[in-house]
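Welcome! Here is a short briefing to read alongside the structure below. Take a look at the picture, then follow the topics one by one.

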Amino acid sequence: MKSRSTLATWLASLDGSRLARVLGTRKDAVALPEPRSLGELADRLQRPGSVALVLPRLALPHLQAAEALAALGAPASRDALAALLGAADDATARELDAVLEVLADHALVWPDSAGQLRMAGPLRQAWDAPLGLDAPLEQLLAGAASDELRGMLVALGVKPPGSKAARLVALVEHHSAPEQIASVVAKAPADARKLLERRALTKPEPQFIMFGHPGPGLDPGTRWARERGLLIEDRHRYGPARMPAEVALVLRGPGWHAPFAPVPPSARWASVTPVEVEREASAAATAFASRAASVLSACSATAPARLKSGGIGARELARIGKAAQADDAVVRLALETAYAAGLLGRDGDRVVPTEAYDAWAEQEPPEQFSVLLQAWRNLPLTPTTARDEDNKALPALAGAPPCNGCVQARHGLLAAAAQFPAGQGPRVGSDLGPLIAWHRPLADSSPRDGTPFATVIREAELLGVLARGALSPLGAHLWTDDVQGLSAVCRRLLPPAAATARIGADLTAVVTGTPSARLAAILDSVADRETSGTASVWRFSVGSIRRALDAGGLPDDITADLAAVAAGPLPQPLSYLITDTARGHGRVRIAPAACVLHGDEPALLAELAVHRRLVKLGLRQLAPTVLVSRSPIDTTLAALRAEGYAPVAETAEGTVRIEKARPQRTAAPVPTSRGADARNSRRIAATRAAKAPAAIDLNTLATQLLAAPLTTPEPAPFDGGAPFATDTEEVVAGCAKLLPYSDVRQLAHAIDAGQAITVEYVATSGSQTVRTLSRLMLDPPYLEAWCHLRDSERVFTLSRIHSVMSVMPE
């Protein structure tokens, strides 16, 4: 609690703009309900889950400085940290100050009133052995007996005080002086000195001995070191004695420093002009936008089937790629970004376009591409990864657990590229890997690529985010998460959709650029698409025209629609094709009975009745213009068409049956909850609409927090605090007794407002996991929710929820 109050005191010493900056970097701790005091804010900032969310977003020098401070054992002075990191010269010292400033902005490290550096408790726990060092002497001797401490002081030549506490203080003071430890080690026997020097560089793993046998007796070197407190026996486990951090640092020598790389690694640069970058980015973005539209159009025409194990398999991916004229990487990237944007959703055993897809398909290519690009920025996976560690094919849209390392790899790429010198780009793409690793050390490097981060770099090039190795204007706005600026750049770099096609006498239609939704729909209905990309080609044939006639089109309407989108007059061969196909279309009509065939030409009906390949239909002539079939209407229709005839089907009323298939649609991009009925769904929707949270103004919140009294978090109503704000708070507090009141408020707010939430949950097996939950339904003492980790609906026990944090976009 002391470190928490110290953090609250430091927060109170900041001005409004600096506090707003801290709030901006730690949005996970300021989401609604807003903290009502600096004490409550400090409590949220130091939760283990909240700290864990921040670490993957830090660059290498920030993690190195934090690890060094953890090894020193905060609180520690800034000079001690600089000495450990080797920041002796002015330039490195300034870099260290900048690193500490960033850590302070994230409320991970801050100075106290005495100028000592303190750190959040959970941050120290991020390393089991920071810098390979064990715990400090004071911690290792916490359970030592008074006589044992007296023996160590006597062996060191120090007069022991009378009390145990004073003896521990004296021993810690002795080991805090490096020259005294060095003097003791210099007088050690040879075997003890070799043992200490070897142990100073590595921390041995604990060894657990079966049946309580501790092993052989101590060797003389170990005994000598233990008698002087240079090695400490661990009474909670068997194994080698532990070396205090103070001793290890002295034995490593004054020339040893913790690793500290405040400057990014160098790269081989090549000159590149903004014009070249924009031109290449425009070409890549235009090509991807066109192919992505073709991929989703193919999914709309025939919804891809899901594997029993989940996801879209290789066969369906190949079919979509063939229909859209796109390779596997583009298909996977388009599907994953569209699913994340809510354009695709699971509907039973298929993946179906949602209602949002129809509105997206009507937009211009720049707006369509902007939606997919924003989805790619925070995609919790690397979509173009096609094989796993065992080289087995991976399905798309498999619903794998979210990968924060994949998100950070993408953000590290954007952060690294944003720091490139003006007019410069890396000469080879592999030089980007070390830069990404420096900006995001905890990112997933995709080792299966051979070259680190090759997959995410390739994705950025496909989308036009990187061009000639440099960050394009698309990537610059994507990095700053400037949605309006990104939309403006997309409109500038991507051409609008083409509304006309060049229709040639060779019965092809060529569209340069991305066809508009109306143009693509017309051409898809009367022609077969052969290629897609920067130029798309459709080919007219008897079969494609007949398909349009089967869908209810009339020859004059087909001609008029094509004339409206043609760049010139329709060529004569196409007009002849439409007329000739229409003339033969419907000459034979099939009526349902089981079924009846009739027409106006007796000779044609007689020909069908004796056709050898139609014998299996069981045709029998009842009249010169009427045949009856023993086969169903669809079987008869398919058999006649296979033999080159052009029949049409009739309804029971005698009208022509329209065979146009309506595209499938689903209402939501995620499966509907099996445990909630329609009334619950309507109630959740109404609650979300009524209680949608307003955006937090960080400057206003900072002013309010600084004006509030510097108090600890408010006590829960059960502990004498103010009454519960809602009934949900009271129910959650009664069931989740381990949660602090601020967490109860946050969880209750998420339930009432229908918001997603992230919790630390301890299962019945004792394993602790971090779960992101949505569609929360309170059923005391349980919480029903959609678990994003398991991609299914789960039931959680409220008493097993140990921490709550909001879900924040990366």
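This is a predicted model, and the mean pLDDT of the protein is 84, with 90% of its residues reaching 70 or more.

**Confidence in the two stretches**

**The whole protein**
- You can find 35 helices and 22 strands in the protein.
- Of the 810 residues in the protein, 46% are buried.
- Among contacts with a separation of 6 or more, 65% are between residues 24 or more positions apart.
- The protein exposes about 37900 Å², and carbon and sulfur atoms supply 54% of that area.

**A four-strand sheet**
- Follow the order E9-E10-E12-E11 and you trace an open sheet of four strands with antiparallel pairing.
- Strand E9 (502–503) and strand E11 (528–531) are the edge strands, as each pairs on one side only.
- Inside this sheet, strand E10 (residues 508–512) and strand E12 (residues 535–539) run antiparallel and are joined by five bridges.

**Positive phi without glycine**
- Gln325 is not a glycine, yet it has a positive phi of about 55°.
- Look for Gln325 in the loop between helix H17 (314–324) and helix H18 (328–340).
- Is Gln325 buried or partly exposed? Its relative accessibility is 34%, so Gln325 counts as partly exposed, because that class lies between the 20% and 50% cut-offs.
- Arg468 also is a residue other than glycine with a positive phi, near 55°.
- The loop that holds Arg468 lies between strand E7 (466–467) and strand E8 (470–471).
- With a relative accessible area of 40%, Arg468 is partly exposed.

**A cis peptide bond**
- Which peptide bond is cis, with omega near 0°? The bond from Pro780 to Pro781 is.
- Pro781 sits in the loop between strand E19 (768–779) and strand E20 (782–787).

Notes:
Residues are numbered from 1 along each chain as its sequence is written. This is a predicted model: local features need pLDDT of at least 70, side-chain atom pairs count only at pLDDT 80 or more; totals for chains, interfaces and linings use all residues. Side-chain values use heavy atoms; hydrogens and water are left out. Helices (H or I, at least four residues) and strands (E, at least two) are DSSP runs, numbered from the N terminus. Buried means under 20% relative accessible area, exposed over 50%, partly exposed in between (1.4 Å probe, protein chains only). Two strands pair if DSSP finds at least two bridges between them. pLDDT is the predictor's confidence in each residue, from 0 to 100. Contact means heavy atoms within 4.5 Å. Accessible areas come from the Shrake-Rupley method with a 1.4 Å probe; for residues, only the protein chains shown count as cover.
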